[in-house]
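I went through the pairs in turn and noted angles, handedness and contacts.

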Amino acid sequence: MSERISSEEFEEISATFLVALLHALPPYFARLEAELVREGEINLDWLEQLESRAETELELLLRRPAEEQQEPPVGLIRRFVLNGLSHNGCDTNIPILQRRGLLPASAVDIDADLGPIHLAWGVAKARRMRALVQEPPPADA
């Protein structure tokens with residue numbers, strides 16, 4: 001595989017990662033909800049809104065060019081979940097959720113099957129960023 005990757009190739013890998021993430025999010029949020037219920041939380045209406053917002057923001061993020069993707073997709077999900085927990089009085093559950101792998105540090109914390117596409121996306125982003133740095137500036141600059 002070449003060290004360089006075109007914007008079109010990166011867009012294709014990002015789109016594949018997005019589809020996989022959107023497929024994996026409902027079961028992830030169901031596990032998160034089940035764990036919160038197990039810990040005694042009863043008002044979890046906010047989780048559905050959080051899931052919807054995460055899906056929307058992931059779509060916006062992964063449709064951007066590599067250089068405009070300032071936050072990794074899994075970081076976005078983690079940030080949303082942590083903020084949701086904090087804003088809804090569930091802060092005390094953060095350590096428990098962390099230990100049980102429900103505050104994702106990588107895509108495999110969301111779904112084990114996401115590992116290969118997460119890796120492919122990360123490699124593609126690194127190669128695309130390298131290509132951008134190495135590309136000569138436009139002639140009119």
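**Helix packing**

I began with H2 and H3, whose crossing is right-handed. The model is a predicted one. For this pair I read an angle of about 155° and axes 10 Å apart, with H3 covering residues 73-87. Angles over 145 degrees count as roughly antiparallel, and H2 and H3 are therefore roughly antiparallel to each other.

I then listed the contact between H2 and H3. From H2 it takes Trp46, Leu50, Arg53, Ala54, Glu57, Leu58, Leu61 and Leu62. From H3 it takes Pro73, Leu76, Ile77, Phe80, Val81, Gly84 and Leu85. By class I have 12 nonpolar residues, one polar and two charged in this contact.

Next I turned to H1 (residues 7-38) and H2 (residues 45-62). Their axes come within 10 Å and cross at roughly 165°. The crossing in which H1 passes H2 is right-handed.

Which residues of H1 and H2 meet? On the H1 side I found Ser14, Phe17, Leu18, Leu21, Leu22, Leu25, Pro26, Phe29, Leu32, Glu33 and Leu36. On the H2 side I found Trp46, Leu47, Leu50, Glu51, Glu55, Leu58, Glu59 and Leu62. I sorted the contact of H1 with H2 into 14 nonpolar, one polar and four charged residues.

Last, I checked H2 residues against both lists.

Terms used: Residues numbered from 1 in each chain as written. Predicted model: local features only at pLDDT ≥ 70, side-chain atom pairs only at ≥ 80, totals over all residues. Heavy atoms only, no water. Axes fitted to C-alpha atoms, helices over the stretch in contact; angles between N-to-C directions. Helix = DSSP H or I, 4+ residues; strand = E, 2+ residues; numbered from the N terminus. Left-handed = near helix turned anticlockwise from the far one by under 90°. Contact = heavy atoms within 4.5 Å. Nonpolar A, V, L, I, M, F, W, Y, C, P; charged D, E, K, R; others polar. Parallel < 35°, antiparallel > 145°, perpendicular 65-115°, else oblique.
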